[in-house]
Amino acid sequence: QVQLVESGGGLVQAGGSLTLSCVISGRTVSTYVMDWFRQAPGTEREFVARITRGSTRAYADAVEGRFTISRDNAKNTVYLQMNSLKPEDTAVYFCHAINPASNEDSYWGQGTQVTVSS
């Protein structure tokens, strides 16, 4: 069974940096397009970043220029490097995997909390 496990969340001051990790087990990460989403209290889950199997990257406007998504296929891990963090970045961050060959082959992690203090 495929599982995604996020880690690296925590408390950081505004302007600081944090790197999240998402480890996929059960399948190789190279099978999937990988996304990061986030959800703050009282809001809908929103897209943050995507990396394709060919390592094309896309970002939400709110994070573009500050966040970087990357993949290490050898470690079956996707990262989200977050710089210049703002209080509005506070949310639970979720890893998402979707197989472009089969959209039923998709998975969510349980999330990791990021809190940015002002």
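Strands β3 and β8 run antiparallel and are joined by six bridges; strands here are DSSP runs of E of at least two residues, helices are runs of H or I of at least four residues, and both are numbered from the N terminus. Within this pair, Leu20 stands opposite Leu80 in β8. The model is a predicted one, in which local features need pLDDT of at least 70 and side-chain atom pairs count only at pLDDT 80 or more, while totals for chains, interfaces and linings use all residues. Residues are numbered from 1 along each chain as its sequence is written, and side-chain values use heavy atoms, with hydrogens and water left out.

The β3-β8 pair belongs to an open sheet of four strands, ordered β1-β3-β8-β7 with antiparallel pairing; two strands pair if DSSP finds at least two bridges between them. The edges are taken by β1 (3-7) and β7, each with a single partner strand, so one side of each has no neighbour in the sheet. On average, neighbouring strands of this sheet are turned by 15° against each other, direction ignored (axes are lines fitted to C-alpha atoms, for helices over the stretch in contact, and angles run from 0 to 180 degrees between N-to-C directions).

The torsion about the S-S bond of Cys22 and Cys95 is about -90°, so the disulfide is left-handed. Cys22 counts as buried at 1% relative accessibility, and Cys95 counts as buried at 0%; buried means under 20% relative accessible area, exposed over 50% and partly exposed in between, with a 1.4 Å probe and protein chains only.

Which residues touch the most other members of the largest nonpolar core? They are Met34, Trp36, Leu80, Met82 and Tyr93, in a core of 30 residues. Seven elements are named as giving two or more residues to this core, among them β3 (18-25), β4 (33-39), β8 (77-82) and β9 (91-99). A nonpolar core is a set of buried Ala, Val, Leu, Ile, Met, Phe, Trp, Tyr and Cys residues joined through side-chain atoms within 4.5 Å.

Not counting residues up to four places away in sequence, Met34 touches residues including Cys22, Cys95 and His96, where contact means heavy atoms within 4.5 Å. His96 lies in strand β9 and is buried, with a relative accessible area of 9%. The C-alpha atoms of His96 and Met34 are separated by 5.7 Å, although the two are 62 residues apart along the chain. By contrast with buried His96, Glu88 counts as exposed at 56% relative accessibility and lies in the loop between β8 and β9.

The protein chain as a whole has zero helices and eleven strands. Its radius of gyration, taken over C-alpha atoms, is 13 Å, close to the 13 Å that the globule rule (2.2 Å times the number of residues to the power 0.38) gives for 118 residues, so the chain is as compact as a globular protein of that length. Buried residues make up 42% of the 118 residues.

Notes: A disulfide is a pair of cysteine sulfur atoms within 2.5 Å.
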